[in-house]
Amino acid sequence: MPLPLTNNAANNIERTGIQERSLRLARLIADQLADRQQPNGAFPQHSFYAPAFAAALWAQLDPSHYAAKIETALTALETEHQDRRYHREFIEYALWQIPGLYRARRTAILRDAPTQSPDVANWQMLGLINGQLSQKHGAGKSRRFMNWLRWTFIRQHYWLAPLFWDRPSCFSGQYHAFCAALLTDSPKTAHQKIAAQATALIADLCDDHGYPNLLGRGAGQSFGAVCALYALAQHGFHHAADAILFRLETAMLTTGTLPLNLFAQNPLPDDLGPANPATPGWYGYNRHDDYLAFAGYWLLKVATSTTEPKPQPSLPNLITSPISIFSGPAYQAQMCPLGKHSFDITPCPVVLSGTGTNATLLFAPTGGEEDANSLYGPSSVPLPASIDGTQFAHIRRTFKLFDTVEITFKLARVSGTRTITFNDHEITITDEIATKCDLLRLLVHHHVPLIQATPNQLNAPELGITFRADHDLILSDPTHFTAAGPARMITAPNANHVALRICWGNCP
């Protein structure tokens, strides 16, 4: 009769299963990249760093099998034009991960490309890690001092325990996860301590539904998912890691590849941008092959990590955090109403209906990339607007107390308030302003089947959700945009006060 498994033995088995599944995905991605690589070593949808991360993946997975592919990728990197958008930090990091790559060739690839070092946490973190790797391979005392200075800057500028800002006062679940993964991989004790706190927050954000990056820039993208998977697996959050891996595997089965965005799994069109409604968000900045190679690399790290898993840290206390997470038996809601751009803030909570990997996106993230004019115009921000649609509300202040978030906004010089209250089976959103305008303007993911039962009630029967207001509601066609693609807008038109109850089950 076999002995019962101890907790440690069960954890090891669970971790092994995650490693085996991650290895399977990494191999599939490696072969896809080999098929997609062009004769000149580049990729069809490569913008920045696909050849570098593809070479790192191939070199660690099977250097003899992919030898020709690796050489072609490195040659492409040696001849690549290094303009002002050249992602030196990312490319340098990937080059450090290629076993046996000679220093002279790494220098030839990077040449005189300057570091970017923007005021963004993940770039600063990459610069730190690259500096450590350089120091490990023979850099002098000046490098050690510069690494210390950069670490001090990161701690003071971006770290607000238990979260990393994306940019100061702007949160992104995606880039928080990347920072956590980079520090998790560091041998330094100070880095490990912070990585543990950051990973515990990821576990809270991810819960059991498998989406770790619902808030902020890059919402729903595979980039953040694989980084979160690595950090969670290394710190012993196996249930959350398993949920992310389920989402990645499902996307691979559904689309035949790993899409850039796990919410919008249709292939990206060639003519990306606001003129094309098939664009699921704005991806003028991102490219499929960059993210595919990046994901393959981190999946292989999950699969081949030989370090002992770190003890699971306790979940963070978010009472004083700018992030709000509300979890109940029927849904999980997340908010972060701070930021500088529309993709930073969540004036309407991001809501997943249901639990576990069956959870369905109800209110989609309105985050994305906005390096140019995008589909995320003011009309697709879920805040009140003037009746003629020419003026849109802007958040002025937020206040959180227990299960309630209050947002003060200004619309055409008139102040208003939005109050959101969370209960186990109900969310109530109340808008109030001293003028007639279009209130609510909430964005419901286009996959959610909504029926207008009465002028003031909408039903989502497949999800068991009722929307009931004290004012007539208008449900638009799916012509507004979120990080998950098109959305339908719920509006209370020509009103100065409305209270909307969203009930899982009938509203009494």
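This short talk walks through one predicted model, from the whole chain down to single residues.

Let's start with the whole chain. The model has 12 helices and 17 strands. Its radius of gyration is 23 Å, close to the 23 Å that the globule rule gives for 508 residues, so the chain is as compact as a globular protein of that length. Along the principal axes, the C-alpha atoms fill a box of roughly 70 × 65 × 45 Å.

How much of the chain counts as buried? The value is 58% of the 508 residues. The accessible surface comes to about 21,100 Å². Carbon and sulfur atoms account for 53% of that surface.

Next, contacts along the chain. Take contacts between residues at least 6 apart in sequence. Of these, 67% join residues at least 24 apart.

On to a pair of helices. Two packed helices are described by the angle between their axes and the distance between the axes. Find α4, residues 88–96, and α6, residues 121–136. These two pack at an angle of about 35°. Their axes are 9 Å apart. The crossing of α4 and α6 is left-handed.

Which residues of α4 meet α6? They are E89, F90, E92, Y93 and W96. On the α6 side, look for N122, W123, L126, G127, I129, N130, L133 and S134. Sorted by class, this contact has 7 nonpolar, 4 polar and 2 charged residues.

Stay with α4 for a moment. Is α4 largely enclosed or open? Here 9 of its 9 residues are buried, so α4 is largely enclosed by the rest of the structure. The buried residues run from R88 and E89, through F90, I91, E92, Y93, A94 and L95, to W96.

Now some backbone details. Go to A161 and P162. A cis peptide bond joins these two residues, with omega at about 5°. P162 sits in the loop between β1 (159–160) and β2 (163–167).

Next, phi angles. Phi of D207 is near 50°, a positive value, and D207 is not a glycine. Where is D207? Look in the loop between α9 (189–206) and α10 (222–234). With a relative accessibility of 34%, D207 counts as partly exposed.

F402 is not a glycine, yet its phi is positive, about 55°. Its loop runs between β8 (394–401) and β9 (404–411). Is F402 buried or exposed? At 73% relative accessibility, F402 counts as exposed, because the cut-off for exposed is over 50%.

Let's turn to strands. S324 is in strand β4, residues 324–327. Its relative accessible area is 5%, so S324 is buried, which means under 20%. What does S324 touch, leaving aside neighbours within four places in sequence? Its contacts are A333, Q334, M335, K400 and V405. Now compare sequence and space. S324 and R287 are 37 residues apart along the chain. Their C-alpha atoms are separated by 31 Å.

Follow the contact from S324 to V405. V405 is in strand β9. At 2% relative accessibility, V405 counts as buried. Leaving out residues up to four places away in sequence, V405 touches S324, F326, M335, F399, K400, R418, T419, I420 and F422. V405 and I345 are 60 residues apart along the chain, and their C-alpha atoms are separated by 13 Å.

Another strand residue is L475, in β15 (residues 474–475). L475 is buried, with a relative accessible area of 17%. Again setting aside residues up to four places away in sequence, L475 touches L450, Q452, L458, R488, M489 and I490. From L475 to L362 is 113 residues along the chain. The separation of their C-alpha atoms is 14 Å.

One more stop, back in a helix. L28 is in α1, residues 7–36. Its relative accessibility is 42%, so L28 counts as partly exposed.

To recap two points: the α4–α6 crossing is left-handed, and the cis bond joins A161 and P162.

Technical notes: Residues are numbered from 1 along each chain as its sequence is written. This is a predicted model: local features need pLDDT of at least 70, side-chain atom pairs count only at pLDDT 80 or more; totals for chains, interfaces and linings use all residues. Side-chain values use heavy atoms; hydrogens and water are left out. Axes are lines fitted to C-alpha atoms, for helices over the stretch in contact, and angles run from 0 to 180 degrees between N-to-C directions. Helices (H or I, at least four residues) and strands (E, at least two) are DSSP runs, numbered from the N terminus. A crossing is left-handed if the near helix is turned anticlockwise from the far one by less than a right angle, and right-handed if clockwise. Contact means heavy atoms within 4.5 Å. Ala, Val, Leu, Ile, Met, Phe, Trp, Tyr, Cys and Pro count as nonpolar, Asp, Glu, Lys and Arg as charged, and the others, Gly among them, as polar. The radius of gyration is taken over C-alpha atoms; the globule rule is 2.2 Å times the number of residues to the power 0.38. Buried means under 20% relative accessible area, exposed over 50%, partly exposed in between (1.4 Å probe, protein chains only). Accessible areas come from the Shrake-Rupley method with a 1.4 Å probe; for residues, only the protein chains shown count as cover.
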